[in-house]
Amino acid sequence: MIKLGISIYYPYICDEQLKTLYIMSSRVRTYDKCNKANGYGKNLKMNDGTYALRRQVMDVIYEVKNLVNLPRIEVRINERPKKGNSIGLAYLNANIIYIPEHLFVKYPAYVFEVVLHEIVHAVTGFGHDDKCPLMRPSIGNKPMDKDKAIKLFQTYFK
Ligand SMILES: [Zn+2]
């Protein structure tokens with residue numbers, strides 16, 4: 001499914017609308033090209049700190065991977081985007097998610113739900129749904145209950 005149209009939310013979860021443009025032109029791109037074109041932060045160099053952040057994301061993936069049928073998902077930790085306040089990015093149907101480091105710093109309690117949100121984009125190709133607390137483009141005033149997030153997550157894999 002390809003959705004176009006730009007909406008600005010604060011703080012918003014991801015640049016899903018931007019990546020659809022890539023999906024339309026080419027599904028295979030280097031990360032550098034993606035980053036340069038959409039203003040998203042560069043991939044961070046892998047060091048102990050970056051590995052620790054990626055570990056947190058992998059832990060979320062491990063926690064749900066037996067609940068639904070997940071392919072292997074690549075995880076990148078990025079610099080904070082130059083513009084906007086995006087706290088996650090995924091390429092629809094491309095099985096790659098990008099999480100900027102400021103998610104861990106500024107919204108640590110939201111890491112779980114944001115990772116699930118990005119996985120839905122990355123694996124199912126689903127865009128945003130304003131009515132769904134998991135797939136709306138902006139995070140709520142308080143973190144979602146983990147069980148609720150998992151329940152909603154599962155509905156996208158049926
Ligand atoms: Zn999104």
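Predicted model: local features only at pLDDT ≥ 70, side-chain atom pairs only at ≥ 80, totals over all residues.
1. Residues are numbered from 1 along each chain as its sequence is written.

2. The average pLDDT of the protein (the predictor's confidence in each residue, from 0 to 100) is 77, and 72% of the residues score at least 70. Residues 1-13 stay under 50, yet the model has 32 contacts for them beyond four places in sequence; a contact requires C-beta atoms, placed from the backbone, to lie within 7 Å. Over residues 17-38 the pLDDT is again below 50, with 29 contacts in the model beyond near neighbours in sequence.

3. The sheet is open and mixed, with three strands in the order S1-S3-S2. Strands (E, at least two residues) and helices (H or I, at least four) are DSSP runs numbered from the N terminus, and two strands pair if DSSP finds at least two bridges between them. Strands S1 (74-78) and S2 (89-90) are the edges; each has a single partner strand, so one side of each is left without a neighbour in the sheet.

4. The pairing of S1 with S3 (residues 96-100) is parallel and runs over five bridges. Within it, Glu74 has Ile96 of S3 as its bridge partner, and Arg76 has Tyr98 of S3.

5. Helix H3 (residues 48-64) touches S1 and S3, and its direction makes about 135° with that of S1. Helix H5 (residues 111-124) touches S2 and S3, at about 150° to the direction of S3. Axes here are lines fitted to C-alpha atoms, for helices over the stretch in contact, and angles run from 0 to 180 degrees between N-to-C directions.

6. S1 is mostly covered, as four of its five residues are buried (20 or more other C-beta atoms within 10 Å of the residue's own; exposed means 12 or fewer, partly exposed in between; C-beta atoms are placed from the backbone).

7. Leu70 lies in the loop between H3 and S1. Leu70 counts as partly exposed because it has 16 C-beta neighbours inside 10 Å. Not counting residues up to four places away in sequence, Leu70 touches Lys65 and Val123. Leu70 and Ile119 are 49 residues apart in sequence, with a C-alpha to C-alpha separation of 9.0 Å.

Definitions and conventions
Contact = placed C-beta atoms within 7 Å.
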